[in-house]
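Colleague: I have just opened this one and would like a walk through it. Could you take me along slowly?

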Protein chains: 2
Amino acid sequence: MPRVTDAHRQARREQIAEAAVRVLMRNGISDTSIAQISAECRLSIGAIYANFENKADLARFVATRLFDWRITELESRTDGGAVLTPVELLAVLLTSLSDANRPAPSVILQFWSKASVDADLRVVLAEQVGRLCASVERALRPWADAQTDGAGEELALRTAQACMIMSQGFLANRCLFGWLDAEDFLATATHALGPVDAADLR
Amino acid sequence: MPRVTDAHRQARREQIAEAAVRVLMRNGISDTSIAQISAECRLSIGAIYANFENKADLARFVATRLFDWRITELESRTDGGAVLTPVELLAVLLTSLSDANRPAPSVILQFWSKASVDADLRVVLAEQVGRLCASVERALRPWADAQTDGAGEELALRTAQACMIMSQGFLANRCLFGWLDAEDFLATATHALGPVDAADLR
DNA sequence: ACCTGAACACCGTTCAAGT
DNA sequence: ACCTGAACACCGTTCAAGT
């Protein structure tokens, strides 16, 4: 509960969240204790509870930060103004996930699973995934407009969602089983889905 | 630790696992206590520990059972002998995930996230995902052989992996955000990946 | 031969007491 | 105005005692 100044509070929240990410990368969400985070950021347990309502509230804040970083990175890679095809955009999305140094895909996996059981976290995640998807959609808009006349907006949205789904499947596999690299996956997926006419799936 | 007959043990393990799945569907893996499972199957806490080494061991057993069910279902849907294209096979995979009554995709999500932090569970999951993938690979073999001369085996494997990745991304989205249904996703993905030549991704 | 439940160490959360 | 850490209820795990 808020018993601290708002300015002080914001700084403390960032400090705690950064420590939390470090511990989460090592242990996963349910094997991370408040005591461990408290030790990592050199604040008492009580200080954490002065800045976050509870563990779930801290989790929501951390999840938001992870997406902030990811969206910033994506936008910096797609603001060139070139017309990107879906495959090219997927390549950007997937290789940025393979980097392995940043926020760590496994932490995102932790949040997905927690969200499937925590409705408040699910709302936060849906919002952030929506922001990321909107960013993808913007990057795909020139391609989509060139494909159809007038229906570019609808096509860009649906294609962005399909890209998100594929990148999320890639993330899960990459971090659990290390299957394929980004280019192999794209080449195979393109070949598998390419030669078939969309109309005859039924 | 085993202090019970092997036959009795097997029956008890199935009984406990079935109760565990019911609780997991409600609560998720880390909010499910042994006490809750014990209440659900009407056995004491001690009885559970007589049949499983610990909570992680029970989790590995449950994960294996979930995949057994899924593989059986997939094989019953693809043994018609028809030549299935990747898109048709993906449709089978995705609609079977949408059924929503069976093992519940959200439970699978729980296991993925736990696995990213528990090496033993990861080994079990990799093995089971490998079995499911092999089943997909077998179903795709006729299509793959018709595509190339001689390289059907390699193509079937890589395509199976791509199908697994897409179905896993679909599962995560479906259970977290309810995006798109299976046909919409396939139509959009096919359109997005189709018109582009595999060679020009770079 | 199998089962029970009290006991222990640990985790999330609170709050009286400090500075 | 902010911080600490002992205290409480609960969870995973064990094991002496029951039948």
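Modeller: Let me begin with one pair, A:Arg131 and A:Asp68, whose side chains meet in a salt bridge at 2.9 Å, N to O, the term standing for a side-chain nitrogen of Lys or Arg within 4 Å of a carboxyl oxygen of Asp or Glu. A:Arg131 lies in helix H7 (residues 119-147) of chain A and A:Asp68 in helix H4 (residues 55-78) of chain A, so the pair ties together parts that are 63 residues apart in sequence. Please keep in mind that this is a predicted model, in which local features need pLDDT of at least 70 and side-chain atom pairs count only at pLDDT 80 or more, while totals for chains, interfaces and linings use all residues. Residues are numbered from 1 along each chain as its sequence is written, chains are lettered from A and ligands numbered from 1 in the order in which they are written, and side-chain values use heavy atoms, with hydrogens and water left out.

Colleague: How many salt bridges are there over all chains?

Modeller: The count over all chains comes to 22 salt bridges, and between chain B and chain A it is four. One of these joins A:Arg158 to B:Asp184, with the closest N and O atoms 4.0 Å apart.

Colleague: Which elements of chain B touch chain A?

Modeller: Those giving two or more residues to that side are helices H1 (6-27), H5 (86-98), H6 (105-115), H7 (119-147), H8 (152-177) and H9 (182-193) of chain B, helices here being DSSP runs of H or I with at least four residues, and strands runs of E with at least two, numbered from the N terminus. H8(B) gives the most, with 16 residues.

Colleague: And how much area is buried between the two chains?

Modeller: About 5400 Å² is buried between chain B and chain A, with carbon and sulfur atoms giving 72% of that; buried area is the accessible area (1.4 Å probe) that two parts lose on being put together, summed over both. The contact, meaning heavy atoms within 4.5 Å, takes 60 residues from chain B and 60 residues from chain A.

Colleague: Why do the copies meet through the same surface?

Modeller: Of the interface residues of chain B, 98% are also interface residues in chain A, so the copies meet through the same surface.

Colleague: Changing topic, what is the secondary structure of chain A?

Modeller: Chain A has nine helices and zero strands, and its C-alpha trace spans about 60 × 35 × 35 Å along the principal axes.

Colleague: Last one: what rotation superposes chain B on chain A?

Modeller: A rotation of 180° with 0.0 Å of shift along its axis does so, at an RMSD of 0.0 Å, fitted by least squares on the C-alpha atoms of residues with pLDDT of at least 70 in both copies. That is the relation of a two-fold axis.
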